[in-house]
Amino acid sequence: MALTDTPIQPDQTPVTDSVTAGPPAAEAGGILTVDLSAIEANWRALGRRIMPSECAAVIKADAYGCGIEPVAARLVKAGCKTFFVADLLEARRARTAAPDAAIYVLNGLLPGTAPAFAALRARPVIGSMVELAEWDAFCSGQQWRGGAALHVDTGMNRLGITANDAAALAPRIRSENHGITLLMSHLVSAEVQNHPLNERQIALFREVRILYRGITSSLSNSSGIFLGNAAHCDMARPGVALYGVNPTPGRSNPMRPVIELQARIAQVRIVPKGETVGYNAGWTAKRQTRLAVVAVGYADGYLRAAGASDAAPGADAIVAGKRCPIAGRVSMDLIAVDVTDLPEGSARRGDLATLVGDEISVDDVAAAAGTIGYEVLTSLGKRYHRVYRA
Ligand SMILES: *Cc1c(COP(=O)(O)O)cnc(C)c1O
């Protein structure tokens, strides 16, 4: 039988349940793959750790760069009932993907926005007495009972009412039922296991919780989940760990990696010994050097601080299966990778180099750039061809 006559067997039809976005892969300088099943697995693993407490999901900052809509939709399917975003725009996007979920807005109530919260059925995280007053006025005027969180500051000194104010308010909140559906606080240093603030915040929040008995309480972010039962309360709010960043720095990463970032090789070139590479001539070829120039740069969110100079190495990339160092500065749209040690011809124009993947984690890139995985993820750019792996 001729090849063209081969009938398509239903059971051989490829299962293409991936969804793509952005420019076509062939035209994009970079390809970002987000593994939604890994996000779900991470959410389930965190949920098992805090059982029987509820596991919510923080999807602010475009779900840490991974995409609010696909991430929220996947977690809704997995059974997630509560989401946290930073602002109303994110709440609106989350609402399209999670029509029935509780959506809390962490930055709270900006002046005059209460009607927008009600229209979206979103819940402000009330962080000051004036916000509470404005929300109360709206709720009693409109008979709105859509819920809100009360944020109690236990040491961050950023948002949240004081523990004293929370204590003073408790009888009023209980008798008048202001529609407070969640009592929360936020840990300052949860990723440092023995940080003295952890114990202090847990203890202070416990004192407040007792006064708000019957209202769901929440303290832990991703790292807080690993501080033990006392930090779990009724609900945890993991963010970064869902997306594969290590919530226990210094120990092995219990989470599954979620993103892969590949960059297209635009050209391969030889640089003579003694020449410099890139802006400001801070990286010198110590030998005749073969470079793979890839089409991803800091405008794509690949942090400029991850570049290399003669004084300090930068991050690595995987090219043709081998780890190769970045040469010179990260430019706006390009990065040079030193592929001299690869067999000649193994890195070719059009090939893909891996900037983040199984062998180079988000945390590795963050360390090379002197920052944290959060910043690497939330910087992920808009020019990539995106693949959402189901
Ligand atoms: C961002 C945020 C979280 C999630 O923190 P991760 O460290 O990413 O898990 C939880 N709670 C609040 C108040 C936050 O702002």
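Partly exposed means a relative accessible area between the limits for buried, under 20%, and exposed, over 50%. Tyr374 is partly exposed because its relative accessible area is 32%. This is a predicted model.

**Aromatic pairs**

Five aromatic pairs occur in the structure. In one of them, Tyr64 and Tyr374 have ring centres 6.2 Å apart and planes at 40 degrees, so the pair is tilted. Tyr64 sits in helix α2, and Tyr374 sits in helix α10 (residues 373-378). The pair links distant parts of the chain, 310 residues apart. Tyr64 is buried, at 5% relative accessible area. Ring pairs also bring in Tyr243, giving a cluster of Tyr64, Tyr243 and Tyr374.

Another pair joins Phe117 and Trp135. Their ring centres are 6.2 Å apart and their planes stand at 75 degrees, so this pair is edge-to-face. Phe117 belongs to helix α5 (residues 114-120) and Trp135 to helix α6 (residues 129-142), so the pair ties together parts 18 residues apart in sequence. Phe117 is buried, at 1% relative accessibility. Trp135 is buried too, with a relative accessible area of 1%.

A charge also meets a ring. Arg237 lies over the face of Phe84, 6.0 Å from the ring centre.

**Nonpolar cores**

In soluble globular proteins, nonpolar side chains tend to be buried together. Here, the largest nonpolar core has 118 residues. Which of them touch the most other members? They are Ile59, Tyr212, Tyr243, Ile259, Tyr302 and Val319. Helix α1 gives the most to this core, with six residues. At least three residues come from each of domain 1 (36-243) and domain 2 (259-360).

Beyond its neighbours up to four places away in sequence, Tyr243 touches residues including Ile39, Ile59, Tyr64, Val258 and Leu377. A second, separate core has eight residues, among them Val277, Ala285, Ala308 and Ala327.

**Salt bridges**

The structure holds 14 salt bridges. Three of them are set out here.

| Pair | Closest N to O | Relative accessible area |
|---|---|---|
| Arg44 and Glu40 | 2.8 Å | Arg44 37%, Glu40 15% |
| Asp310 and Lys286 | 3.6 Å | Asp310 40%, Lys286 62% |

Arg256 is in the loop between β11 (235-236) and β12 (259-271), while Asp35 is in strand β2 (residues 30-35), so the pair ties together parts 221 residues apart in sequence.

Arg44 and Glu40 are both in helix α1 (residues 36-50). They are four residues apart, or about one helical turn. Arg44 is partly exposed, and Glu40 is buried.

Asp310 forms its salt bridge with Lys286. Asp310 lies in the loop between β13 (289-294) and β14 (316-319), and Lys286 in the loop between β12 and β13, 24 residues apart. Asp310 counts as partly exposed, but Lys286 is exposed.

Some salt bridges share partners. They join Asp62, Glu69, Arg93 and Lys382 into one network. Asp62 is found in helix α2 (residues 60-64). Is Asp62 buried or exposed? Asp62 counts as buried, at 13% relative accessibility. Leaving aside neighbours within four places in sequence, Asp62 is in contact with Gly67, Ile68, Glu90, Arg93 and Lys382.

Technical notes:
Residues numbered from 1 in each chain as written. Predicted model: local features only at pLDDT ≥ 70, side-chain atom pairs only at ≥ 80, totals over all residues. Heavy atoms only, no water. Salt bridge = Lys/Arg side-chain N within 4 Å of Asp/Glu carboxyl O. Helix = DSSP H or I, 4+ residues; strand = E, 2+ residues; numbered from the N terminus. Buried < 20%, exposed > 50% of the residue type's maximum accessible area, 1.4 Å probe, protein only. Core = buried A, V, L, I, M, F, W, Y, C linked by side-chain atoms within 4.5 Å. Domains from an automatic or database assignment. Contact = heavy atoms within 4.5 Å. Phe/Tyr/Trp six-rings, centres within 6.5 Å; stacked < 30°, edge-to-face > 60°. Lys NZ or Arg CZ within 6 Å of the ring centre and 35° of its normal.
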